[in-house]
Amino acid sequence: MVGAVKKIFQDFEKGAPNYFKEIFPYESIPKVIFDGVSVPVNIPSKLYVTDSTFREGQQAISYIGKENVAKIFEYLHYIDNGTGTIKYSEFFLYTNYHKQCVQECLKKSFEFPKVVGWVRSKKEELKLAKEFGLDEIGILMSCSDYHIYKKFQKTRSEIAAQYINMIQEAFSLGITPRVHLEDITRSDIENFVIPLILAIEEIAKKCDKKVYFKLCDTLGFGVPYEYASLPRSVPKLIHTISKSTNIPPERLEWHGHNDFYKAQSNAVCAWLYGASMVNCTIRGVGERTGIAALEIAILDLVQIKDENPPNLNFGVLNELLEFTSRFEVMK
């Protein structure tokens, strides 16, 4: 491991594990703590939505068949209408059904949305993406101490080494990683998330490669208040990570759940404070409460950046909503 990365690793164990007990007391609902510090608005020059209907949404929608998946994917393409506003659609790669869905969508050879896979932090799963010829893959990298110490029974340094090995393996296979920083609103931003991003960026720079980072509010604890403290403040999360790592907006993405009914407002905050991409699903379906709704996010995007996507096809968007209304969401 290169010297700069070794130095970054020294920061990982500071104050670990940190469960933020003052924010997440076990005996009551979470607290919002205000630190009185504001952060500046920083709207990127380009804003995008990304789609996870076929990954996140698959955890809430009952089986709909590969033909319907391909039809929905086609609708997204026609809504985008060549603007590049809907950058990609994300897919599971595990079962025969998932694989058939990917194959059906790849046959269409659309530029937008692009087909992107999703895997856990296991090297053997990267080979699934390679089998399909995918050149981008989402990789699950949980970053809260709740996951690291309690779920995985590892230390921060151990899990970071595993994640960096995954990045190096992806590079060796010619795959661009989309790092999913899971459970970020319960994570130690200063002592783990930022050092991890810097370590990954150091490796990527030496390999002349690019990495995207998705900030995942897994339990919906994010709040759209700039004066709230880390790790729950979405404005402060985006601002702090951007400023501390110099990751450009076009490589930062937000994925937020709706447990406290803030998925849409948090998505807008991610755009306002420096992330170009917001991850959505049609009708907001997904695990438990779901995430931001793609149809609403597109309307928000146009209001923020009306010069960005003048050719989006809203007529087709209405057709898509009508088409998907027939599918049953699992209770």
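These legends accompany a set of close-up views of one predicted model.

Residue numbers start from 1 along each chain as its sequence is written, and side-chain values use heavy atoms, with hydrogens and water left out. Because the model is predicted, local features need pLDDT of at least 70 and side-chain atom pairs count only at pLDDT 80 or more, while totals for chains, interfaces and linings use all residues.

**View A. The largest pocket has a volume of about 370 Å³.** Of the 21 residues that line this pocket, Trp118, Leu140, Ser142, Lys151 and Glu182 are the closest to its centre. The elements that give two or more residues to the lining are β4 (136-142), α5 (145-151) and α6 (156-172), and α6 gives the most, with three residues. The lining divides into six nonpolar, eight polar and seven charged residues. In this count, Ala, Val, Leu, Ile, Met, Phe, Trp, Tyr, Cys and Pro are nonpolar, Asp, Glu, Lys and Arg are charged, and the others, Gly among them, are polar. A pocket here is an open set of points on a 1 Å grid over the protein atoms alone, with protein on both sides within 12 Å along at least five of seven lines; a cavity is a set of points where a 1.4 Å probe fits but cannot get out, and lining residues have an atom within 4 Å of a point. Grid points are joined across faces, edges and corners, and a volume is the space filled by probe spheres set on the points. Helices (H or I, at least four residues) and strands (E, at least two) are DSSP runs, numbered from the N terminus.

**View B. The largest cavity has a volume of about 50 Å³.** The count comes to two cavities of 30 Å³ or more. Look here for Phe54, Gln58, Val69, Phe91, Phe92, Tyr97, His98, Cys101 and Val102, which line the largest cavity. Helix α3 (residues 96-106) gives the most to this lining, with four residues. By type, the lining has seven nonpolar residues, two polar and no charged.

**View C. The second largest cavity has a volume of about 30 Å³.** Its lining is made by Thr53, Phe54, Gln58, Ile61, Ile64 and Ile72. Four of these lining residues are nonpolar, two are polar and none is charged.

**View D. Lys114 meets both Asp135 and Glu136 in salt bridges.** A salt bridge is a side-chain nitrogen of Lys or Arg within 4 Å of a carboxyl oxygen of Asp or Glu. Side chains of opposite charge can pair when their charged atoms come close. For Asp135 and Lys114 the N to O distance is 2.9 Å. For Glu136 and Lys114, the closest N and O atoms are 3.1 Å apart. That pair also links distant parts of the chain, from Glu136 in strand β4 to Lys114 in strand β3, 22 residues apart. Glu136 is buried at 10% relative accessible area, while Asp135 is partly exposed at 36% and Lys114 is partly exposed at 25%. Buried means under 20% relative accessible area, exposed over 50%, and partly exposed in between (1.4 Å probe, protein chains only). Lys114, Asp135 and Glu136 belong to a network of salt bridges that also includes Arg55, Glu56, Glu90, Arg178, Lys214 and Glu253.

**View E. Asp183 and Arg186 form a salt bridge.** Their closest N and O atoms are 2.9 Å apart. Both Asp183 and Arg186 are buried. The structure holds 17 salt bridges.

**View G. Gln153 and Arg288 have positive phi values without being glycines.** Phi is near 55° for Gln153, in the loop between α5 and α6, and Gln153 is exposed at 61% relative accessibility. Phi is about 55° for Arg288, in the loop between β8 (277-280) and α10 (294-304), and Arg288 is partly exposed at 43%.
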